[in-house]
2 protein chains.
Amino acid sequence: MGKRLAIIGGDAAGFGTATQARRLDPNLEIVAFEQGAYTSYSACGIPYVIGGVVPSLDRLVVRSPQEHRDRSRIDVRTRHEVTSIDLGGCKLEVRDLGHARTIMVPFDELLIGTGATPLRPRIPGIDLPFVRGVQTLEDAAELLRLAESMRSPNVVVVGGGYIGLEMAEAFVQRGARVAVVERSSHVMGTLDADMARPIEDAMRRLGIDVRTGLEVTGFDEREVQTAAGTLDADLVVLGLGVRPRSELAAAAGLELGVGGAIRVDRRQRSSVEGVWAAGDCCESVHLVSGRRVHVALGTVANRQARVAGINIGGGYATFPGVLGTAITKICSTEVARTGLTSGEAAEAGFEAFDVTTESTTTAGYLPDAPRARVRFVVEERTGRLLGAQIVGGRGAAKRIDVAVACITARMSVEDIVDLDSSYAPPFGPLWDPIGVTARKALSVR
Amino acid sequence: MGKRLAIIGGDAAGFGTATQARRLDPNLEIVAFEQGAYTSYSACGIPYVIGGVVPSLDRLVVRSPQEHRDRSRIDVRTRHEVTSIDLGGCKLEVRDLGHARTIMVPFDELLIGTGATPLRPRIPGIDLPFVRGVQTLEDAAELLRLAESMRSPNVVVVGGGYIGLEMAEAFVQRGARVAVVERSSHVMGTLDADMARPIEDAMRRLGIDVRTGLEVTGFDEREVQTAAGTLDADLVVLGLGVRPRSELAAAAGLELGVGGAIRVDRRQRSSVEGVWAAGDCCESVHLVSGRRVHVALGTVANRQARVAGINIGGGYATFPGVLGTAITKICSTEVARTGLTSGEAAEAGFEAFDVTTESTTTAGYLPDAPRARVRFVVEERTGRLLGAQIVGGRGAAKRIDVAVACITARMSVEDIVDLDSSYAPPFGPLWDPIGVTARKALSVR
């Protein structure tokens with residue numbers, strides 16, 4: 001009999017780790033506990049089911065518990081809630097929700113992949129049943145049920161981050177009247193205000209009532225209260241971000257870090273040997289600022305899980321860090337960001353400047369060439385690219401991945417000007433939006 | 001009075017150099033000689049005018065001679081052919097074609113940007129007037145005139161590279177019956193055969209008669225002769241690649257290199273002090289193989305011109321090299337490549353392997369998720385990415401620019417797995433086609 005790996009949490013982090021560890025160690029015994037009924041689903045796909053683009057929530061499930069058993073020999077226990085971790089005794093206390101009993105499960109290695117929970121600030125009425133978060137498939141099923149039970153409901157989305165935006169568009173597609181209330185001066189708070197403006201314009205063109213600089217003060221029967229009066233609401237969707245679910249880890253005595261996320265080293269090891277964490281419940285390091293950050297994203301969870309799984313399986317891997325990359329769109333207006341904004345760069349101690357260009361995502365002489373506005377944040381002395389933001393039409397935002405590679409490789413804008421990037425008229429101008437921005441940065445240095 | 005910079009050739013290389021040099025040195029006297037009537041046009045846009053997507057050839061002109069005069073104080077002489085370079089005497093012999101006179105023009109610095117000419121192999125009948133190359137706006141105007149004078153003509157494109165493909169699609173859009181004859185086993189010869197296959201399928205779906213592995217043996221009145229019989233042809237378009245126009249340089253005694261291209265150093269300086277070259281007429285260095293290559297592309301010409309212009313203007317810049325990046329599409333089938341293929345890697349002395357993945361350019365659960373097939377060529381010992389090829393639907397090919405950045409930064413596939421790339425369902429799967437290919441490469445190493 002091999003070692004036993006216990007997994008807490010049955011989504012990207014948990015199963016990513018489990019399947020990777022399995023590949024390296026065929027003798028590992030793997031047991032995974034998931035509180036809910038589903039495993040390995042794309043939470044990012046929820047807006048597309050709400051909007052009717054994807055026909056059912058089932059389509060978001062990447063692997064069912066049975067598939068995990070069959071393909072990777074993982075003993076999957078859904079509807080099992082881990083209630084405490086005994087680090088000294090190397091065992092878990094687990095509540096079998098279906099049979100209302102508690103079991104003790106010993107482990108040799110433990111992976112904590114408990115994810116995150118939507119923020120629910122202490123606002124009066126926030127616990128009313130029509131105020132919903134969007135995190136699990138159970139949340140999504142409930143939202144879908146409510147949405148389907150109403151004809152053209154009034155939906156208020158609280159929070160103008162990318163989840164809020166995607167849910168707002170989804171409810172418009174479903175025939176709802178939608179308002180988005182955002183406390184700060186602009187939606188997509190991780191971008192500069194002027195870069196987020198075209199997204200707000202696209203939302204308004206879609207008929208969304210965008211209220212920025214407005215704080216929600218309370219909820220009551222079918223209304224959302226703000227400093228500027230009340231908004232009708234049959235349904236409220238919270239898109240205020242998430243916090244790490246680290247209560248179990250904290251109670252067991254594991255060290256926590258930024259925002260209560262579980263502290264891990266570069267191999268995804270927690271402060272206790274044999275205990276690992278990955279995904280939305282743990283910290284990352286920002287590759288540019290060097291600071292510890294908490295980033296809750298499926299992509300990061302997957303990459304951290306890969307690293308944790310390799311290390312648990314007896315291999316060696318490290319997770320270098322994140323850039324805070326994000327991308328989304330409203331209709332055909334796309335937006336993306338990575339690395340540091342000017343403000344973040346200054347705050348991290350960089351002397352930096354920014355440049356912005358306006359170009360197109362196809363040759364300018366082709367009809368309806370979509371626009372692209374690109375901003376680079378560049379270190380003064382070295383010309384090193386520290387961050388990028390893009391807003392524009394079709395084909396604009398995904399160019400952020402080139403900036404991701406360049407920032408990761410610590411390229412200067414001169415390096416970027418010299419990149420032998422692809423060119424043909426349907427794919428961009430001769431100087432691509434990325435290249436032309438690098439060139440402008442060089443000319444103003 | 002400042003120094004005089006003379007420029008031979010009025011397209012990307014020539015004017016790119018001139019405008020860049022002007023920015024650094026306001027006192028420079030700049031005179032530019034162009035044999036034809038146009039300056040600074042997008043030759044890559046010609047297929048889109050032929051196809052009717054762009055309404056007129058004028059739209060392809062980025063800057064007219066007058067604009068160059070007004071904005072950059074460049075003395076532009078169109079219809080002026082430089083007939084010889086006197087390196088010892090630092091002067092040019094120039095034929096004023098409009099006035100049938102010859103003038104001598106002294107220079108302090110000289111930039112040769114004479115471009116390239118379409119290959120016209122010595123096949124019987126190749127000089128018949130219905131056999132046309134596509135290089136200058138004059139060529140394009142003539143093609144357009146011929147195409148407009150015929151109703152549903154038979155067009156035979158000789159050569160299945162990207163220019164051949166784009167011209168074939170353009171003539172289909174114009175209502176022609178089109179055949180493409182390619183000597184090698186597949187179109188897009190810089191890709192592996194199986195990666196080019198989906199492009200051939202897309203061409204056939206468009207009604208193009210694709211003949212691979214077939215050599216043209218001659219041309220005669222309204223027919224193209226091959227080993228497998230004759231093809232009807234009212235018009236023949238040559239897409240056989242180009243050769244550098246370096247006759248003037250050679251006659252003056254400048255050193256030539258690969259394929260007769262002008263040899264330059266990293267600052268774009270020729271073998272003679274004060275004489276520079278940029279664009280299709282000169283050599284480059286391949287960033288992966290380290291070999292000298294001749295790549296005729298507008299993007300490369302622009303970047304080389306930037307470097308030449310900075311150096312002529314008194315600054316310092318170097319051109320690191322090229323990756324042989326290329327991109328094109330037929331209808332919605334896109335294809336791109338960069339770096340080395342497996343064959344090229346072996347030929348350059350690398351021990352390398354390749355991996356191929358099939359994924360999608362949006363989340364797989366979204367309707368009609370476009371497919372993406374990605375191939376990486378990876379060095380065995382180091383895991384370093386040496387080359388990439390992509391074929392797929394909308395959004396697939398432009399991802400090649402991420403590979404371009406990674407190859408340039410000498411990243412390993414492990415580095416690429418760790419990239420904090422953007423993700424949202426409309427933009428890709430959780431593991432992007434690039435990331436998933438890197439991951440597969442890691443797992444097979």
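**Notebook: sheets, salt bridges and the A/B interface**

I began with chain A, where strand 10 (residues 154-158) and strand 11 (residues 177-182) pair in the parallel sense over five bridges. Two strands count as paired if DSSP finds at least two bridges between them. Strands (E, at least two residues) and helices (H or I, at least four) are DSSP runs, numbered from the N terminus.

I noted the ground rules next. This is a predicted model, in which local features need pLDDT of at least 70 and side-chain atom pairs count only at pLDDT 80 or more, while totals for chains, interfaces and linings use all residues. Residues are numbered from 1 along each chain as its sequence is written, chains are lettered from A and ligands numbered from 1 in the order in which they are written, and side-chain values use heavy atoms, with hydrogens and water left out.

**Chain A sheet**

Val155(A) has Val178(A) in strand 11 of chain A as its bridge partner. I then traced the sheet: five strands of chain A, open, in the order 9-16-10-11-12, with parallel pairing. Its edges are strand 9 (131-132) and strand 12 (209-212) of chain A, each pairing on one side only.

Helix 5 (residues 162-173) of chain A lies across strand 10, strand 11 and strand 16 (235-238) of chain A. It runs at about 165° to strand 11 of chain A. Contact here means heavy atoms within 4.5 Å. Axes are lines fitted to C-alpha atoms, for helices over the stretch in contact, and angles run from 0 to 180 degrees between N-to-C directions.

**Chain B sheet**

I moved to chain B and found three strands in an open antiparallel sheet, order 4-5-6. Strand 4 (80-86) and strand 6 (101-106) of chain B are the edges. The twist averages 25° from one strand to the next. Strand 5 (residues 91-96) of chain B pairs with strand 6 of chain B over six bridges. Within strand 6 of chain B, Met104(B) stands opposite Glu93(B).

**Salt bridges**

I counted 61 salt bridges over all chains (side-chain nitrogen of Lys or Arg within 4 Å of a carboxyl oxygen of Asp or Glu). One joins Glu29(A) and Arg4(A), with the closest N and O atoms 3.0 Å apart. Glu29(A) lies in strand 2 (residues 29-34) and Arg4(A) in strand 1 (residues 4-8) of chain A, so the pair ties together parts that are 25 residues apart in sequence.

**Interface**

I turned to the two chains together. In contact are 63 residues of chain B and 62 residues of chain A. The buried area is about 5,400 Å², with 62% from carbon and sulfur atoms. Buried area is the accessible area (1.4 Å probe) that two parts lose on being put together, summed over both. Tyr365(B), Asp420(B) and Phe427(B) supply 15% of what chain B buries against chain A, more than any other three residues.

I found five salt bridges across the interface. In one, Asp432(B) meets Lys398(A) at 3.1 Å, N to O.
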